[in-house]
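Subject: Handing over a structure, with notes

Dear colleague,

I am passing on a structure that you have not worked with before, together with some notes on what was found in it. Please open the sequence and the coordinates first, and then read on.

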Amino acid sequence: MHLFSEESLAACFHGLNGRKAVGVDGVSKAGYGERLESNLKELIARMKRMGYRPGPVPQVLIPKGDKAGAMRPLGISNFEDKLVQGVMRQVLESIYEPLFLSGSYGFRPGRSCHDAVRDLHQYLCRNPVQSVIDVDLAKFFDTIDHELLLGMLREKINDPKFLRYVQRMFKSGVLAEGELTVGDEGVPQGSLCSPILANIFAHHVIDVWLEEVVKPRCAGKVAWFGYADDLVICCEYERDALRVRKALGGRLARYKLALNEQKTRLVGFTRPRNGHPIPGAFDFLGFTFYWGRSRKGAPWPKVKTSGKRMRSKLKAVYTWGRSIRSRYPLNYIWALFCSKLRGHIQYYGVSFNFRVVQNFQEKATRILFKWLNRRSQRRSMNWEQFALLIRANPLPKVAICHALF
């Protein structure tokens, strides 16, 4: 707890985004910063006498990107709670980052989802893989048991005050539709601490088990790549994959987690050969991994945008274009549309995916053209006039932003 000081809290204050939504107390970064020095002194005094208690976390629902109609709960903490969580995250990261294994990529400093995609692709290129277990955890963040997680933290942390504040954060409760709920499981998504706490839980339950128990007992090579609740396990032999798939459910049940049985599947991913079954494909972090052909005609693992993610993104463009077409000037709508396309290109612009990203941009542009022509009862422009608009205000250039080899 000596790491919680006015200096560390002030550094966290300056690192927070002031445009984020405010919690139940209604305090923003600008409001808290008007009396920053006195507020931090008062917060430290309360923490020293164990008088600080986190406020309830209001819950909002945001649509999931890969499933139509599905919603993801997101928690919004009070601004003062964000300061405490920021320092708490730094403390936990300094303890656990050296312990986390190389197959874990989610929300870690210096690691990104593109690193996970790149390393998985390189492994498939260089190693024989017969089967891939595409793992889907059912409501991972919402089912993390508090007592089990606190027990894991006690293995490395013996500061009782720090552990009590972690427990108070768990017990602060979730405010949904005006009703406060305090449970024994779940870390609210959106909290500054939830990613590192989820990584600690996954490290004990899944990562260490795969590395120290599963790998030595398999006949062939086994490699795993995880990002939060998204996990794939590559097995050299199919019989190893069947054993791991069977044991994984029991391992998760011991820690009160569960597999999504409908989405967790075993995928045959053997290199294509004459007389062998056609290999399957699997999704990871919004990309589909499949077997294609190199320029010389040799079998080669490739990556493209997941079909489900492609459809959901185009549907989102359709909904956005319909809702915004008459609310803002054309120049503003076009600038916002180009910004959205730029973000899509920066994420999905990976090797082998150029044409798919280009196809997305063309379809999204046609969708926007449709809704711009419905800004009034009269048709606003034809395609030739729209082409002149594109020429005067060019769309973002499709490019490979992340090379996989």
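Between which two strands is the loop that holds Ala228 found? Ala228 sits in the loop that runs between strand 6 (222–227) and strand 7 (230–235). Please keep in mind throughout that this is a predicted model.

Most residues other than glycine have a negative phi. Phe352 belongs to the loop between helix 11 (330–348) and helix 12 (354–372), and with a relative accessible area of 30% Phe352 is partly exposed.

Next comes the overall picture. The protein is built with 13 helices and eleven strands, and its C-alpha trace spans about 70 × 65 × 35 Å along the principal axes. Of its 405 residues, 47% count as buried, while the accessible surface comes to about 21,300 Å², with 51% of that area belonging to carbon and sulfur atoms.

The aromatic residues deserve a paragraph of their own. A pair of aromatic rings is described by the distance of the centres and the angle of the planes. The structure holds 24 aromatic pairs, and one of them is formed by Phe13 and Tyr32, a tilted pair with 6.5 Å from centre to centre and 35° between the planes. Because Phe13 lies in helix 1 (residues 6–15) and Tyr32 in helix 2 (residues 29–33), this pair ties together parts that are 19 residues apart in sequence. Both partners are buried, Phe13 with a relative accessibility of 7% and Tyr32 with one of 6%. Elsewhere, ring pairs link Trp320, Trp334, Phe337, Phe369, Trp383 and Phe386 into a cluster. There are also arginines placed over rings: Arg111 lies over the face of Tyr105, at 4.5 Å from the ring centre, and Arg239 lies over the face of Tyr237, at 4.7 Å from the ring centre.

Is Tyr96 buried or exposed? Tyr96, which has its place in helix 4 (residues 79–96), is buried, since its relative accessible area is 1% and the cut-off for that class is under 20%. Leaving out neighbours within four places in sequence, Tyr96 is in contact with Met152, Leu153, Lys156, Ile200 and His204. Of these contacts, Ile200 is 104 residues away along the chain, and yet the C-alpha atoms of Tyr96 and Ile200 are separated by 7.4 Å.

Arg325 is located in the loop between helix 10 (307–324) and helix 11, and at 22% relative accessibility it counts as partly exposed. If residues up to four places away in sequence are not counted, Arg325 touches Ile333, Trp371, Arg374 and Arg375. Arg325 and His276, on the other hand, are 49 residues apart in sequence and 52 Å apart in space, taken from C-alpha to C-alpha.

His2, finally, lies in the segment before helix 1, and at 70% relative accessibility His2 counts as exposed. The C-alpha atoms of His2 and Val91 are separated by 11 Å, although these residues are 89 places apart along the chain.

With kind regards

Technical notes:
Residues numbered from 1 in each chain as written. Predicted model: local features only at pLDDT ≥ 70, side-chain atom pairs only at ≥ 80, totals over all residues. Heavy atoms only, no water. Phe/Tyr/Trp six-rings, centres within 6.5 Å; stacked < 30°, edge-to-face > 60°. Helix = DSSP H or I, 4+ residues; strand = E, 2+ residues; numbered from the N terminus. Buried < 20%, exposed > 50% of the residue type's maximum accessible area, 1.4 Å probe, protein only. Lys NZ or Arg CZ within 6 Å of the ring centre and 35° of its normal. Areas by Shrake-Rupley, 256 points an atom, 1.4 Å probe, with all protein chains shown as cover. Contact = heavy atoms within 4.5 Å.
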